[in-house]
Amino acid sequence: MTATVKADLSRYDQKLELILRASARIFAEKSYHSTSMRDISRATGVSLAGLYHYCKSKEELLFLIQDHCFGRVLQRLEERLQSESDPIARLRIFIDNHLSFFAANMAEMKVLSHEAESLGGDLHEHVSTRKRQYTRRARKIISEVQQAAVASQHPPRRNGQLKKNARPVDTTVATYALFGMMNWIYNWYDPRGKLSVSQLVDNITRLFLSGFLSRAEHATVQEGSEQAGMVNIWRSA
């Protein structure tokens, strides 16, 4: 590939990146269905004819936003996981990778959350396949963490089964609970605020792995009625 061709491809990619970022911002502000190609043309300074040079339709723009996001997140994740075998470290990498990317791409996160069903046909199926791949990766990592924790504790067994009080959390519930914690940040998190991305990652990792209260703290709260009242924000009297 000649230097001229490489430069042309680079300019093309840069212009497409500008269009996708602007489109994501407008979709997040106005919603996909309320946005026109003319809105995107005005926001980017690219003519309508120019926009159609990069994509065939508004739906293809939405597809490219979602496909590029999942593609980049997955690629970065796999690269970072290659050199790590410890389950908890791998989980932290997964959380850090997800939050670091979307903290820098809040509009894209909102679009992925709100416009998940706005695509149809093959475009919808392609993005859905990406999502399933990503979700399976998360579930596998969570399952590895759970298996390592069970193996390290050697809990008592009855007829080869874990006792009820040692029963692990369902991995499907755990997986979607984790995504729920992470994907909600676009509603409240300000990357320019006092809480850094690394602090956000640390807090969500600890909440997911240990809960808001440790076992010792939880037991203390249950034993003292005054303390229990202090943490029960839904009490009616």
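Tutor: Helices (H or I, at least four residues) and strands (E, at least two) are DSSP runs, numbered from the N terminus. This is a predicted model, in which local features need pLDDT of at least 70, side-chain atom pairs count only at pLDDT 80 or more, and totals for chains, interfaces and linings use all residues. Residues are numbered from 1 along each chain as its sequence is written, and side-chain values use heavy atoms, with hydrogens and water left out.

Student: What pattern does the protein follow along the sequence?

Tutor: The order is α-α-α-α-α-α-α-β-β-α-α-α-α, with 11 helices and two strands in the protein.

Student: How many residues are there, and what percentage count as buried?

Tutor: The protein has 237 residues, and 36% of them count as buried, meaning under 20% relative accessible area with a 1.4 Å probe and protein chains only.

Student: Turning to T44, where does T44 lie?

Tutor: T44 belongs to helix α2, residues 37-44.

Student: Why does T44 count as buried?

Tutor: T44 counts as buried because its relative accessibility is 13%.

Student: Which residues does T44 touch, beyond those up to four places away in sequence?

Tutor: T44 touches L18, I19, A22 and L51, where contact means heavy atoms within 4.5 Å.

Student: A change of topic: how many cavities of 30 Å³ or more does a search of the whole structure find?

Tutor: The search finds one. On a 1 Å grid over the protein atoms alone, a cavity is a set of points where a 1.4 Å probe fits but cannot get out, and lining residues have an atom within 4 Å of a point. The largest cavity holds about 80 Å³ of space, a volume being the space filled by probe spheres set on the points.

Student: Which residues line the largest cavity?

Tutor: The lining consists of E17, L20, R21, I65, H68, C69, R72, F101, N105 and E108. The elements giving two or more residues to this lining are α1 (3-30) and α4 (58-81).

Student: Which element gives the most to that lining?

Tutor: Helix α4 does, with four residues.

Student: What is the lining of the largest cavity by class?

Tutor: There are four nonpolar, two polar and four charged residues. Ala, Val, Leu, Ile, Met, Phe, Trp, Tyr, Cys and Pro count as nonpolar, Asp, Glu, Lys and Arg as charged, and the others, Gly among them, as polar.

Technical notes
Buried means under 20% relative accessible area, exposed over 50%, partly exposed in between (1.4 Å probe, protein chains only). On a 1 Å grid over the protein atoms alone, a cavity is a set of points where a 1.4 Å probe fits but cannot get out, and a pocket is an open set with protein on both sides within 12 Å along at least five of seven lines; lining residues have an atom within 4 Å of a point.
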